[in-house]
Amino acid sequence: MAASLTFALLASLAIAAPTADSSSCTGTISSLSDVTAAVECTTVNINAFTVPAGETFTLSLLDGTTVNVNGDVQFGNVSWAGPLFEVKGINGNNYLFDGGGPFYWDGLGTNGGTTKPHPMMKIEISGTMSDVYVVNSPAQCFSVSNPAALTMTGITVDNSQGDATNSQSNGLPAGHNTDGFDVSADDLVIEKSTVLNQDDCLAINKGTNLVFSDNYCSGGHGISIGSITSDVTVSGVVISGNTVVNSQQAFRIKTDASATGSTVSNVTYSGNTATGCTDYGVLITQSYPASLGTPGTGTDISDINFSGSTTTLTTESGVDMVAVDCGTGACTGTWDWSSLKVSGGQDGPIDNCTVITGFTQ
Ligand SMILES: *[C@@H]1O[C@H](CO)[C@@H](O)[C@H](O)[C@H]1NC(C)=O
Ligand SMILES: *[C@@H]1O[C@H](CO)[C@@H](O)[C@H](O)[C@H]1NC(C)=O
Ligand SMILES: *[C@@H]1O[C@H](CO)[C@@H](O)[C@H](O)[C@H]1NC(C)=O
Ligand SMILES: *[C@@H]1O[C@H](CO)[C@@H](O)[C@H](O)[C@H]1NC(C)=O
C-alpha cells in the first residue's frame, strides 16, 4: 500500500513538471488562464474566447508546435499600447537556412547581374528569435521590421563563401550587398550574433530604442547607421560589446548628401573592439554615397558618444582612423568621445564638426 501511494505521488509530480515526452499532448485555450498549461503541449487548440481588455494574449510556444484556431478571438475594447496578440519563440536550433547564394552570386549583388531574392529573411514578429543559422544569402540577409519589442539572439549569417571569386563574378568576390541585418524598426535588440559577409554587418535605416550588443562582425563593412534618406529618424541606439574584424570600417554613420528633414541622435558606442579596418576606423559622413565629399546639411547628427567602457580600434597602416565629414552646423549636441582609443593608421579629417570632446587621434 505504501509503495503504490508513493508511486501515485511521483506520477502527479511528473505531470506538474512535464518532460519532453509529455509535450506530445494537446492543450486547449478557452481563456487566458488556460494559456500557461496549454503551451506545454506541441498541439495547441484555441477555442473562441474574448481576451480581457488591456491584456496581451501571449503564446510562448515549444519548438514544433502546431496551433489550430478553432473559433473567433475577440479582444476587449480599451485604449492602450498593446500588443493584443503576441507569438513568441522561434528557436532555430541552429539548423541551416541555406539561401543557395552560390547559384546567384556574380559579384554584383543587387546592383546588376541576375535578379537575387532579397532580403532573404524578412522578420516581422515580436518576442524572441534565437539560434537561427543562415548560410549563403543571395544578397541582403535579414530585414527586420518588428511590430513590437523583439530580441534576436544567437543568430548566425555565414556568407564567408562569398569572399572568394567564382565563375560568374569576373574576378570580384562573388558575394555582394550581403548585409547581415537591415533594420527599420523600434524596440529591437540584436545580441550574441555572428555575421560573416561582404557588406554592412548592421545597417540601421530608421528607428528608436535599438541595441546591438556582443556581436561578431567579420569581412564586411562594419556596424552602420544609414544610409539615411530624407524624413527619417534614428534615435536611442546602443552599440556595445561588439567585435569587428577585417572590415572596411568598424563604425559608420552615413547620411545621404541629398537627404533632408532627417535626424540621427543619441547614439552610444561602448566596450567594442575592432581590428584590421581597411578603409576607415570610424567614419561619420554627410556626403554619402561619397565617403568624404561635399556634405549636405539636411540631416542633423547629434549626441554621438563613445563613452562608458573603452572602445578600442586598430586600422591597417595608412588608413584614416577617424574621419568626420559634416555639413556646416549639421553635427550638433554633445559628442563625448573620451572612451575611444585608436591606433594603427593615420589621423583623418574632422571637418565642420567642433562638438567632439575628450578625443585626440
Ligand atoms: C469591440 O468593439 C467592436 C466595435 O464596436 C466590436 O465589434 C467588438 O465586438 C468589441 N469587442 C468586445 C469584446 O466587446
Ligand atoms: C537615449 O537612448 C537611450 C537608449 O535608447 C534611452 O534610454 C535614453 O532615454 C535616450 N536619451 C534621450 C535624451 O533621449
Ligand atoms: C553623451 O555624453 C555626454 C557627456 O557625458 C552626456 O551628457 C550625454 O547624455 C551623453 N549622450 C548619450 C547619448 O549618451
Ligand atoms: C562644411 O560644410 C559645408 C556646407 O555643407 C560644405 O560646403 C563644406 O564643403 C564643408 N567643409 C568641409 C571641409 O567638408
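**Cysteines in a predicted model**

Q: Is Cys25 buried, partly exposed or exposed?
A: Buried means under 20% relative accessible area, exposed over 50%, and partly exposed in between (1.4 Å probe, protein chains only). Cys25 has 26% relative accessibility, so it counts as partly exposed.

Q: How many disulfides does a search of the whole structure find?
A: This is a predicted model: local features need pLDDT of at least 70, side-chain atom pairs count only at pLDDT 80 or more, and totals for chains, interfaces and linings use all residues. Residues are numbered from 1 along each chain as its sequence is written, chains are lettered from A and ligands numbered from 1 in the order written, and side-chain values use heavy atoms, without hydrogens and water. A disulfide is a pair of cysteine sulfur atoms within 2.5 Å. The search of the whole structure finds three.

Q: Which cysteine does a disulfide join to Cys25?
A: The S to S distance in this link is 2.0 Å. With -100 degrees about the S-S bond, the link is left-handed.

Q: Which cysteine forms a disulfide with Cys201?
A: The two sulfur atoms are 2.1 Å apart. Cys201 is buried, with a relative accessible area of 1%. The partner is Cys217.

Q: What is the torsion about the S-S bond of Cys326 and Cys331?
A: The sulfur atoms of Cys326 and Cys331 are 2.0 Å apart. The disulfide is left-handed because of its torsion, about -85 degrees.

Q: Which cysteine sulfur is closest to that of Cys277?
A: Cys277 is buried, at 1% relative accessible area. The closest cysteine sulfur is 11 Å away, too far for a bond. It belongs to Cys217.
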